[in-house]
Amino acid sequence: MNLAFQMLRSGHAHGARPAVALGDRVLWSYAELMARVARLAGALREDFHLAPGDRVAILSKNRPEYLELVYACWHAGLVAVPTNAKLHASEFAHILDDSEARAVFTSPDLTAVVGGIDAPACRHQVEVGSAQYARLLERDAIDMVPRAPDDLAWLFYTSGTTGRPKGAMLTHRNLLTMCACYFADVDPGAPWRAILHAAPMSHGSGLYGLAHVAQASCCVLPESGGFEAREVYRLITRWPGLSFFAAPTMVKRLLDDDPGGDTSNLKLIMYGGGPMYVEDALQALDRFGPKLSQLYGQGESPMTLTALGPALHAQRDHPRFMERLGSVGIPQFAMDVRVADAVDRLLPPGEVGEVLARGDAVMPGYWRNAEATAATLRGGWLHTGDVGSFDDDGFLTLKDRSKDVIISGGTNIYPREVEEVLLRHPSVSEVSVIGRPHREWGEVVVAYVVPAAGATIDPAALDSFCLEHMARFKRPKHYRALEALPKNNYGKVLKTALRDLDRDAG
Ligand code: AMP
């Protein structure tokens, strides 16, 4: 099964429906998009002489052409390598070299950066939207190249909050499973009418674009090319039935920069990719109603580990609603998700351990990295590196990434618990908690705080607040104010950068 079949199905069955829009304006219908994809695929095969299985890198900010490029790769039997557009040139170079991409498509802002990289395997560079790109779209259409379920479709380089990005190999089967889980758990309930790509399409937003193409739903690109809260609110009024993916920090920006007004057109905000604090989730529920859905996934099992769907967000009178809101929900329908100890023994509910997963969404391995593959997939389970526990009802609550857990005086402290408490204090807008090496205690807890508008950080006040709400040993020993937390392109707080900052500050 080739994922490009979904494009053909929508193009044939719903050719007149809008497929891609920029802001308010529809650019192409599904019939037009299908034709563009087949012609672009023709150019990749005939002009570039690419063979099935060859890799094509996409180093581009969000653009209307993004999905057509990905589908053209699949239609031609190729592997797409969509890449975070905010990486450093040396990281692009690593990805081009590691994937041995034969061709690269760049957005205009990245053309020169990529042009300066020496990548011998990469014989073609095309700027998306250029005259050369337009000529590719004039080629003869080709028939879709058949692909087997386990053929590689998307090489997903891990977001690289630490270390060098590794290529998680995502097959056609993996991504079809992700779509099925999307319809079952994350965004259940027809009709699927439009998805807004305000978050990067190289990651969650683009991945969820696949489910929308499968339903001939319109892919809407904001004109700003990024996540601007006010533009998102405006586009909600323009597009009935709009869903979109947002990192938790983006949801917070929507709440902080809310011009008010009608959001009845909104179908769903899918949030995930990092922890959502209960305070923020409650505020979002108050603002948008139960039009929220949480997913927990990782590049190695794209968007597909657990979900806290819209129906669970709606059960505000459930006796365990607050615990559930602080959880990442239940395993998605095609996934087996468990918690295990350090020697991979599965643990019962209530016990904390590493989150493991298996199922058809889990990658078959890392690209050309047998060692990392064997370690991550040992025993047939994906080892997520996340720490958490299930409750008796099967809801998974994440503590933290194992490397972020603070060990002070021999006791584990989960930063998230401390952060959840501090966020309830009115002077705190954002917070991230890390461990600072300490001779006597091993580590001590340090909180980096972004003050709320007009507020200042008063360590004594925060300390007494912590004493009221958490065990003494968990409370931060030091507070530092920051204007903004360091985050990657996907809105994830970079704890590694905070630890570096903390070390440099002495
Ligand atoms: P990436 O591979 O870049 O998508 O990063 C995946 C990691 O993000 C996971 O292993 C988790 O640590 C974190 N993550 C993803 N979704 C959630 C979520 N809903 N809540 C908390 N952390 C999450």
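Trainee: Which residues are closest to the ligand, and how many surround it?

Mentor: There are 17 around it, with Q294, Q298, G299, D386 and R401 the closest. Being near here means that a heavy atom of the residue lies within 4 Å of the molecule. Keep in mind that this is a predicted model, where local features need pLDDT of at least 70, side-chain atom pairs count only at pLDDT 80 or more, and totals for chains, interfaces and linings use all residues. Residues are numbered from 1 along each chain as its sequence is written, and side-chain values use heavy atoms, leaving out hydrogens and water.

Trainee: Which element gives the largest share of the shell?

Mentor: That's β13, with 5 residues. Both β13 (292–298) and β19 (396–401) give two or more. Strands are DSSP runs of E, at least two residues long, numbered from the N terminus, while helices are H or I runs of at least four.

Trainee: Why is helix α8 called mostly covered?

Mentor: Buried means under 20% relative accessible area, and 11 of the 11 residues in α8 (204–214) are buried. Among them are L207, Y208 and H212. Just after α8, A216 takes a positive phi of about 50°.

Trainee: Why are β22 and β24 said to stand at the edges?

Mentor: The open sheet has 3 strands in the order β22-β23-β24, with mixed pairing. β22 (428–438) and β24 (478–481) each have a single partner strand, so one side of each lacks a neighbour in the sheet.

Trainee: What makes β22 and β23 a pair?

Mentor: Two strands pair if DSSP finds at least two bridges between them. Here 10 bridges join β22 to β23 (residues 442–451), so the pair passes, and the two run antiparallel. V428 stands opposite P451 in β23.

Definitions and conventions. Buried means under 20% relative accessible area, exposed over 50%, partly exposed in between (1.4 Å probe, protein chains only).
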